[in-house]
Amino acid sequence: MSYFEVNGLQVRHKTAEGIKEVLNIDHIAIEKGTTYGIVGESGQGKTVLALTILKLLQCPPGEITKGSILLDGEDILSYSQRRMQASVRGKKIAMIFQDPMSCLNPVFTVGQMLDDVIRTNRGLTGKEALAYAYKVLDLVKLVDAESTLKKYPHQLSGGQRQRIIIALALCCGAEFLIADEPTRNLDVTIQASILKLLKELQETLGITVLFIANNMSLVSAFCDRIGILHEGRIIEEGETERIIHAPEQAYTRMLVEAARLHSAPAAEAETGEELLRVEHLKKYFDVKKKNKKLSLKAVDDVSFTLNKGEVLGIVGESGCGKSTLVNTILNLYDPTAGKVYFDGKDVFSDERKNRNAFKKNVQIVFQDPYWSLNPRWLVKEIVAEPLDAYEKLRGQERLARVGQLLEMVGLSRDDAYKYPHEFSGGERQRIAIARSLASNPKLVVLDEPTSSIDVFSQAQILELLRELKEKFQLTNILISHDLGVVSQMANKIAVMYLGKIAEFGPAAEVFRNPQHPYTKALFNAIPKFEKLGMDQLTTLEGAIPSPINPPSGCAFHTRCAEACEACKSWTPEPVYLNEAHYVSCIHFTERQGENTCGKR
Amino acid sequence: MNQKMKDILRPKLKELRDMIFMLRRNALTMAAVIVLILILILALLAPAIVPYPQDIADKTNLSEKFQPPSSAHLFGTDELGRDVFSRVLYGTRISLSTAVLAVALSLIIGVPLGAVAGTFGGAVDEVIMRITDIFLSFPPMLLAILLVSMLGPSLNNAILAIALAWWPWYTRIVRGQAISLKERKFIQAAETIGTPKWKIVAKHIIPNTISPVVVQASMDMGGVILTIASLSYLGLGAQAPSPEWGLMISTSRNYFPDIWWYSVFPGIAIFITVLAFNLLGDGVREILDPKTRKK
């Protein structure tokens, strides 16, 4: 008998359309002190499973029709709600939710929250409780515990909040931890550090972890065994090594493929003449803090050129300014300083003609196709929006062009008479792509085009984008935090950190041999199938510093493994390694001989 | 029906089915819907089904005045011998149509102003919202009374006055919606596409604010009916011999409580209609806004 077992569990859901089977799990067994990963895309029943284990599923509309969940040999599914609350939730099983922003009560300080949990679960008060709180904060590696205790959740970064939630779970003394996508919405570098922490706790405290994720790569590094959840069923189960290297089901194979970093980036495209030139672009936002006027340097002195037919991938942690950079180039924000030339013409000039031509030639595909399409419009109207703005087509002519665009992105002409909510995420993104191509643009900006659609459609969308790029000789700017996507599409890469470009160069070169310490850290924070296990991941300690008051000198020196004294005062200039590849790091400057680091 | 029409109608039908499904889970709203449908049918058929059509107007029959309810006169008769039942039934027409007109008029004023204020922001927003603040600083009833006494008492002026007192509420709702919609990606997409600003307001913003506006409007219907009745009661709305409910109650108070039927039946009519609209408003809000849905 295993420590934790699910047997013949069936969960149904009552909706307007009738009764739907959400979960139908024959058997899951987890041994004590091991990690088990459940992988599946959204809508496959992962979260329902977690909620069912804790008996927190809303019933109705949910309904547990049969099955048993055994913890230490006892069927907790048969427990009453009161008994669950008194002896299982928190005491034996704790849960880490996917969104650390919304599951900490904003009106309490961290200290108050910890004190509350320690008092009810450990029976400690006053000084003893405080001492215990320090101990737990130390366990989750929160530095400066004293000030953390006094802080409110909004004063903490995402990674810190997730650590607090883990600390709260530990305070209860739970031995079984359900982690429901604990690192979703966190940056890769912070992801890696949270995972490392969980692994350490699991090893030192002997905790059993059920890890739920939508992505193979994290689970592969973290878990001993993996179960693949598809349409409510476990379709494949086994040792991590086996699943990764010899998946049996087609669905599993697809998940594995999607998470693989493509070691051979897209071939160098034939590049034409210069299309876009960005010169010393700056975008500062004014912020008021305690009556002092400060500026948030979202984009700080960025320059690059992009030739016709190239795909530029912009990567970096959230808050590094990649979206602001693109929005400023697109003229959605007024620039603070700098120039952008498109086809040789100044984009920020006041001439209306220039601006209109620019808008027609530059289109964008947004991250989330659920929000980027007006839910009350027919697809026909959505796709025709750019046509109405520039071409003034009427009736049949307009309809014919819409049909043509829809067929181009792999949809049918009849789809023109549907509403966006009738399509899946992938199909919606196709609609968005059709719209972006309607005005025959030269440059299409892709803002995280695949990050909110499921893995299967992701591959198809990328294929489509590559196809269209060839067909129409488009130039692309691709923003993504997913290096896998970037490696498949881009042939130039810009790595951004705190509003500046840390490294810029040909994709193949940067992927094969990253130069800047930040690029290296970023690339190594992603689990790779070739080297399983957590030890392979590097982490960046600490959160991104605030762009309102960035660190002096090189902005990265606070987190850099190779930082030295000189980094604190010396602002690095771009150093060209070759014609197309530059790095902004002191270790590459001419001052090499003088600096005291001696690391290079 | 051709295929295209079917394709357009299909999602609408599904929406309707979902709505009926939600309605059936909420007995009170369902009851309100049934009552309102009945009231609507009565209002539409009133000229054809009232037992004494000539009593709607000025006809006097003093020999039959102040008859208590009987089989000939279900709700009795009034001081001029007119059938109260016929008049109350006919009054449904007046109340419903004036309320719909008044709400529609305030929507026509309020919604575009709110959408423009929310979308453009800055000085435009300041000006529009400060004007609405001025209107909102008076109780709507008081403002309506003030406006009618300036315009002169009549039913049409009462409708106009109510619309003028009511639009700021819709402006506020729509402005709030517009501000949050402005951040949505499809608006940004429209901007990068180069769609002109007025088109963004008319085609993107306003259609997406419909849900909360419909909720507010359906909840307001009851209040507007009550306000019109109140204005008529004060002699500022409908004028004799109109069978408006408020006006009937106003006349009847001279004879109360001896001639109780003269006041009570118009009162019950107001009560049922307003209650049904309020319940409908709550129900619609629950359907459109899942957050308030009961568990």
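## The contact between chains A and B

Chain B brings 20 residues to its contact with chain A, and chain A brings 24 residues. The model is a predicted one.

On the chain B side, three helices each supply at least two residues: α1 (3-24), α7 (185-193) and α8 (197-208). Of the elements on this side, α7(B) gives the most, with eight residues. By class, the side of chain B that touches chain A holds eight nonpolar residues, six polar and six charged.

## Two domains in chain A

Chain A splits into two domains. Domain 1 is made of two stretches, 33-55 and 80-259. Domain 2 covers 278-593. Taken over C-alpha atoms, the centres of domain 1 and domain 2 of chain A are separated by 31 Å.

## Where the domains of chain A meet

The two domains touch each other, with 25 residues from domain 1 of chain A and 23 residues from domain 2 of chain A in the contact.

Which helices of chain A each supply at least two residues of the domain 1 side? They are α7 (188-205), α8 (216-222), α9 (240-245) and α10 (250-259). On this side α7(A) gives the most, again with eight residues.

The side of domain 1 of chain A that touches domain 2 has eleven nonpolar residues. Nine polar and five charged residues complete that side.

Key: Residues are numbered from 1 along each chain as its sequence is written. Chains are lettered from A and ligands numbered from 1 in the order in which they are written. This is a predicted model: local features need pLDDT of at least 70, side-chain atom pairs count only at pLDDT 80 or more; totals for chains, interfaces and linings use all residues. Two residues are in contact if their C-beta atoms, placed from the backbone, lie within 7 Å. Helices (H or I, at least four residues) and strands (E, at least two) are DSSP runs, numbered from the N terminus. Ala, Val, Leu, Ile, Met, Phe, Trp, Tyr, Cys and Pro count as nonpolar, Asp, Glu, Lys and Arg as charged, and the others, Gly among them, as polar. Domain bounds come from an automatic or database domain assignment.
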